[in-house]
Amino acid sequence: MALIRLAELDELEGAPREVAESGQAQFGQLLNTWRAIMNKPDLFGAYLPFLRQVAGPGVLDMKIKDLSALYVGYLNHCRYTVSHRSTSGLKNGVTAEQMVAAVAGNWDGFDERTLVALEFTRELTLNPQNVDFQDFPQAISPDIVTSVKSLFTDVEILELSMSVSVWNALARFHRVMGFDPDMPDAPEGVNPK
């Protein structure tokens, strides 16, 4: 049961309603995250277009972006985020086997860019709570800083960093809100315990 009331489409007007209607047309429903944020229409009107920019196609390969976002949801123990990110991943060509390998840390089968992106994701998700600023001022180890800079363009690094950061925030939001799943379950072996 959700922590707060989930708003309805008919409560919106103007630009926020147009954004909600476009999301509903794309997904065939209003997602629970949206319905919670719709309690503050102007926030929702800004949120969904922003999220489309973060999670949608860009310069960074969508498979890397989807695996990274899925891994963030897994590391945050958020089944809601994992179900959404696995649905996106499957749509974008990520296999169930790749998802299982990503969340299990069995990364040997991935190319170097994907492997580094997953390590970057792990460190940026877990290190801020566990590593002192003086040790890793950027929250990621110097080796990963070097690897990321050598394998990715500035725009790709921007997209990856923004995606990891946004999905960390959303996974925590999803967990505290207590949303019932509104997307298909993640493939077996991908859901967090």
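Helices here are DSSP runs of H or I, at least four residues, numbered from the N terminus.

Quick housekeeping: this is a predicted model, with local features needing pLDDT of at least 70 and side-chain atom pairs counting only at pLDDT 80 or more, while totals for chains, interfaces and linings use all residues. Residues are numbered from 1 along each chain as its sequence is written, and side-chain values use heavy atoms, with hydrogens and water left out.

Back to α5: buried residues there include Y80, H84, R85 and S88, where buried means under 20% relative accessible area with a 1.4 Å probe, protein chains only. Their cover includes α2, α3, α4, α6 and α9. Just after α5, G93 takes a positive phi of about 95°.

Over in α9 sits S163. Why does S163 count as buried? Because its relative accessibility is 2%. S163 touches V54, K65 and A69, leaving aside residues up to four places away in sequence; contact means heavy atoms within 4.5 Å.

Last, the lining of the largest pocket. Which helix gives the most to that lining? It's α5, with six residues.

Conventions
Buried < 20%, exposed > 50% of the residue type's maximum accessible area, 1.4 Å probe, protein only. Helix = DSSP H or I, 4+ residues; strand = E, 2+ residues; numbered from the N terminus.
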